[in-house]
Amino acid sequence: MKIRAEVLTEDTKEILTKLGVPEDAAQTVAEELVRSNLMGVDSHGVLRIPRYVKQIQDGFIKPDANVKVVKESPSTAIIDADCGFGHVAARKMAQVVCEKAAKTGIACALSMNSTHIGRAGAYTEWIARQGMIGFAVAAVYTQGPLAPYGAAEGKLGTNPISWAVPRYGADPVIMDGATTIAAEGKLRAYIQKGMQVPEGWIRDGHGNNTTNPEDFYKEPKGTILPIGGLNAGAAKGSALSIMCDMFSIALANDDYWTALKEGGKLKAENGFFLMAVNPEFFCGTLAYEKQVDNHARFIKDAKPAEGFDEVLLPGEFEFRQAKKKEQEGIDLPEETWNGLVSIGQKLGCKWSAGLETVKAKEFVQF
């Protein structure tokens, strides 16, 4: 099913407002989800809506949360997400660090009580488009699914890391990726597409390597391998994931593992640390952006290896995907589309009235 981004954004927004999310917050969440689909990161796109709906109904996500700064200095801030949508809190964090870095050169922000923030790279990209350098780490408040190097059980989250830098005359150069070999949401995307995951991504709950993504969700729960997969290099991916915890959840003084051990319930999903660096305080913003462009051109001039047509910069593939899908529409798996229609009809959304779930690859606009 293909659907235009602007239409999917409005449909998603209506679902959220029907659930009591204020219009401005609903717009933010809808934009972030659809932007993920545009960039080909379906794991963080609208397939998340059924989970968010359940979390609102269960009281885990507060739809009318009051996101606010609870502690700050000239170059630091702590943002309380009030158990609302993490996307809203993370956008505010990006705005705050840019405002502070404009005055101090470097600024950092930390979240508390945040649910899922979406793509960490969305916020470093926003910082880069303001002419600054963005850095972010996010940690997942859960025991698992990443098994630390040498461990037979999950202890850490998928814990993404992102950098983004402004480039003169072009899209930012942006790295955004989980410290697991794949984000957990990608397993959901593979299930919805009826596909097996590549070998070396996951193990089932008994420690056996598997390519069936459904094995990950069975009891006992499976694990996702760190960056490096089945090789010794996985120690580096494991170390990166551990440091994400130390920069976010630990810095917020939140001992979530003890709460879980004692049978407590989690009230947050993501700990988030976000930093902005203002090049104007170093070599100057324009000089820096031109240096980034020089480096980018030097890297892209490398002779492609066998099987490759060109050398791509971090984020370049995703930006191309977004431009293409903005013109051609977003191709949603049947299960994702059917789920959205079902939710929309149950909530009484105008856009879903009279629609039937479809299997044909039609281009819809209504």
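Let's start in helix 11, where Arg320 and Glu316 sit 4 residues apart, about one turn of the helix. Helices here are DSSP runs of H or I, at least four residues, and strands are runs of E, at least two, numbered from the N terminus. This is a predicted model: local features need pLDDT of at least 70, side-chain atom pairs count only at pLDDT 80 or more, and totals for chains, interfaces and linings use all residues. Residues are numbered from 1 along each chain as its sequence is written, and side-chain values use heavy atoms, with hydrogens and water left out.

Back to the pair. Arg320 and Glu316 form a salt bridge, with the closest N and O atoms 3.1 Å apart. The criterion is a side-chain nitrogen of Lys or Arg within 4 Å of a carboxyl oxygen of Asp or Glu. Arg320 is partly exposed at 40% relative accessible area. Glu316 counts as buried at 15%. Buried means under 20%, exposed over 50%, partly exposed in between, with a 1.4 Å probe and protein chains only. Shared partners also link Arg35, Glu125, Arg129, Asp171, Lys323 and Glu326 into one salt-bridge network.

How many salt bridges does the structure hold? The count is 21. One of them joins the side chains of Asp293 and Arg167, at 2.8 Å, N to O. Asp293 lies in helix 10 (residues 285-300) and Arg167 in strand 6, so this pair ties together parts 126 residues apart in sequence. Asp293 is buried, at 9%. Arg167 is buried too, at 16%.

Stay with strand 6, residues 161-167, which also holds Ser162. Is Ser162 buried or exposed? Ser162 is buried, with a relative accessible area of 0%. Its side chain makes a 2.7 Å polar contact with that of Thr124. That term means a pair of N or O atoms within 3.5 Å; within protein, one must be able to donate a hydrogen and the other to accept it, and residues adjacent in sequence count only if both atoms are side-chain atoms.

Now the nonpolar side. The largest nonpolar core has 37 residues, and Leu8, Ile15, Val46, Ile49, Phe85, Leu332 and Leu340 touch the most other members. Helix 2 gives the largest share of this core, 6 residues. A core is a set of buried Ala, Val, Leu, Ile, Met, Phe, Trp, Tyr and Cys residues joined through side-chain atoms within 4.5 Å.

Last, helix 8, residues 234-247, contains Met243. Met243 is partly exposed, at 44%.
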